[in-house]
Amino acid sequence: MLHLKRLQKLPSFITNVLTSTEDKEAYALEIHQYQVDLKLSSPFDDSGKLIPIDIWWSKLSTMEKYTSLSKMVKAVISCFHGPRVEGTFNIMLDLIDKRSGRMHIETYSSIQSVKYKMMTKEQSAVEYFRKKKIFA
């Protein structure tokens, strides 16, 4: 249910992808169908390794089943084409300083994941990392 709500909000963040009324209506229908589609291909290859999202979606988009959803996904996953860290500093706001260009991708990814989790839970860092029991 949470995924559906986020998918519903997505066109309001990326307003230049679904421009026609038909695309918007198709997208609304497709996200509901996508949520319950049991025939989607597995995101794992034969060895059990996760297939990169861009490759998985390119295979899905060739089926022409989710055309509007595929347009939106392509727009989202192509946002970070190029250097990942430098390209997203404007989103992170408080990471811009003279050392940020030398930050390892793992460090940046960790910071981004924590900030996203705090944002979705609408909590501050103190609230999110507060220990339930300090002493036994």
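R6 touches Y116 and T120, leaving aside residues up to four places away in sequence; a touch, or contact, means heavy atoms within 4.5 Å. R6 sits in helix α1. With a relative accessible area of 35%, R6 is partly exposed, a label for values between buried (under 20% relative accessible area) and exposed (over 50%), using a 1.4 Å probe and protein chains only.

Keep in mind that this is a predicted model, where local features need pLDDT of at least 70, side-chain atom pairs count only at pLDDT 80 or more, and totals for chains, interfaces and linings use all residues. Residues are numbered from 1 along each chain as its sequence is written, and side-chain values use heavy atoms, with hydrogens and water left out.

**The whole protein**

- Count the pieces and you get eight helices and zero strands; these are DSSP runs, numbered from the N terminus, with helices being H or I of at least four residues and strands being E of at least two.
- Along the sequence, the pattern reads α-α-α-α-α-α-α-α.
- Of the 136 residues in the protein, 23% are buried.
- Take the contacts between residues at least 6 apart in sequence: 42% of them join residues at least 24 apart.

**How α1 and α2 pack**

- Two packed helices are described by the angle between their axes and the distance between the axes.
- For α1 (residues 2-13) and α2 (residues 21-36), that angle is about 155° and the axes are 10 Å apart.
- Axes here are lines fitted to C-alpha atoms, for helices over the stretch in contact, and angles run from 0 to 180 degrees between N-to-C directions.
- On the α1 side, H3, L4, L7, Q8, L10 and P11 meet Y27, I31, H32, Y34 and Q35 of α2.
- Sort the residues of this contact and you find seven nonpolar, four polar and no charged; Ala, Val, Leu, Ile, Met, Phe, Trp, Tyr, Cys and Pro count as nonpolar, Asp, Glu, Lys and Arg as charged, and the others, Gly among them, as polar.

**Around α3**

- Which residues are buried in α3 (residues 53-62)? They are W56, W57, L60 and S61.
- These residues sit on the same side of α3 because they cover an arc of only 135° around the axis, going by the directions from the helix axis to the C-beta atoms.
- α2 and α4 (67-77) are included in what covers the buried residues of α3.
- Just after α3, E64 takes a positive phi of about 55°.
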